[in-house]
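This report covers a cavity and its ligand, a nonpolar core, and a handful of individual residues. Start with the sequence and the model.

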Amino acid sequence: MRITTDVDRCVGAGQCVLTEPAVFDQNEADGTVVLLTDEVGGEAAERVREATHICPAQALSISD
Ligand code: SF4
């Protein structure tokens, strides 16, 4: 599964980092999302899928 982020939409809420810290991090300056990897599989993919649903800014996208 491939992940993309729209940093312009991100409000730095950090929900994605709490959901899957191996994939998402936050910019130290403004809190916006930083991708640690843009490809995931297995259980991490399920958590990333969950993160796309809970992101309050709809800043995360996934594709197969
Ligand atoms: S959950 Fe959404 S708004 Fe919050 S840091 Fe992650 S991408 Fe940004």
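## An exposed loop residue

Gln-58 is exposed, because its relative accessible area is 57% and the cut-off for exposed is over 50%. The model is a predicted one. Gln-58 sits in the loop that runs between H2 and S4. Its backbone deserves a look. Gln-58 has a positive phi of about 50 degrees, yet Gln-58 is not a glycine.

## The cavity and the ligand

How many cavities of 30 Å³ or more does a search of the whole structure find? The search finds one. The largest cavity holds about 110 Å³ of space. Its lining is made up of 15 residues. Nearest the cavity centre lie Cys-10, Ala-13, Gly-14, Cys-16 and Cys-55. Sorted by class, the lining has ten nonpolar residues and five polar ones. No charged residue is part of this lining.

What takes up the space of the largest cavity? The ligand does. Around the ligand there are 13 residues. Those that come nearest to the ligand are Cys-10, Ala-13, Gly-14, Cys-16 and Cys-55. The shell around the ligand counts ten nonpolar and three polar residues. Charged residues are absent from this shell.

## The nonpolar core

The largest nonpolar core has 17 residues. Which of them have the most contacts inside the core? They are Ile-3, Cys-16, Val-23, Phe-24, Val-40, Val-48 and Leu-60. Two helices each supply at least two residues of this core: H1, spanning 15–19, and H2, spanning 42–54. H2 gives the most, with four residues.

Val-48 is found in helix H2. Is Val-48 buried or exposed? Val-48 counts as buried, because its relative accessibility is 0% and buried means under 20%.

## Partly exposed residues

Ser-61 belongs to strand S4, residues 60–63. Ser-61 counts as partly exposed because its relative accessibility is 37%. Leu-35 is in strand S3, which covers residues 33–35. With a relative accessible area of 27%, Leu-35 is therefore partly exposed. Arg-9 is placed in the loop between strand S1 (2–5) and H1. Its relative accessibility is 42%, so Arg-9 counts as partly exposed.

## Separations in sequence and space

The table sets separation along the chain beside the C-alpha to C-alpha distance.

| Residue pair | Separation along the chain | C-alpha distance |
|---|---|---|
| Leu-35 and Asp-25 | ten residues | 6.3 Å |
| Val-48 and Ile-62 | 14 residues | 8.3 Å |
| Ser-61 and Arg-49 | twelve residues | 8.8 Å |
| Arg-9 and Ile-62 | 53 residues | 15 Å |

Read the pairs against their places in the fold. Val-48, from helix H2, has its C-alpha atom 8.3 Å from that of Ile-62. Ser-61, from strand S4, is 8.8 Å from Arg-49, C-alpha to C-alpha. Leu-35, from strand S3, is 6.3 Å from Asp-25 between C-alpha atoms. For Arg-9, in the loop between S1 and H1, the C-alpha separation from Ile-62 is 15 Å.

How values were computed. Residues are numbered from 1 along each chain as its sequence is written. This is a predicted model: local features need pLDDT of at least 70, side-chain atom pairs count only at pLDDT 80 or more; totals for chains, interfaces and linings use all residues. Side-chain values use heavy atoms; hydrogens and water are left out. On a 1 Å grid over the protein atoms alone, a cavity is a set of points where a 1.4 Å probe fits but cannot get out, and a pocket is an open set with protein on both sides within 12 Å along at least five of seven lines; lining residues have an atom within 4 Å of a point. Grid points are joined across faces, edges and corners, and a volume is the space filled by probe spheres set on the points. Ala, Val, Leu, Ile, Met, Phe, Trp, Tyr, Cys and Pro count as nonpolar, Asp, Glu, Lys and Arg as charged, and the others, Gly among them, as polar. A residue is near a molecule or strand if one of its heavy atoms lies within 4 Å of it. A molecule sits in a cavity or pocket if more than half of its atoms lie within 2 Å of its grid points. A nonpolar core is a set of buried Ala, Val, Leu, Ile, Met, Phe, Trp, Tyr and Cys residues joined through side-chain atoms within 4.5 Å. Buried means under 20% relative accessible area, exposed over 50%, partly exposed in between (1.4 Å probe, protein chains only).
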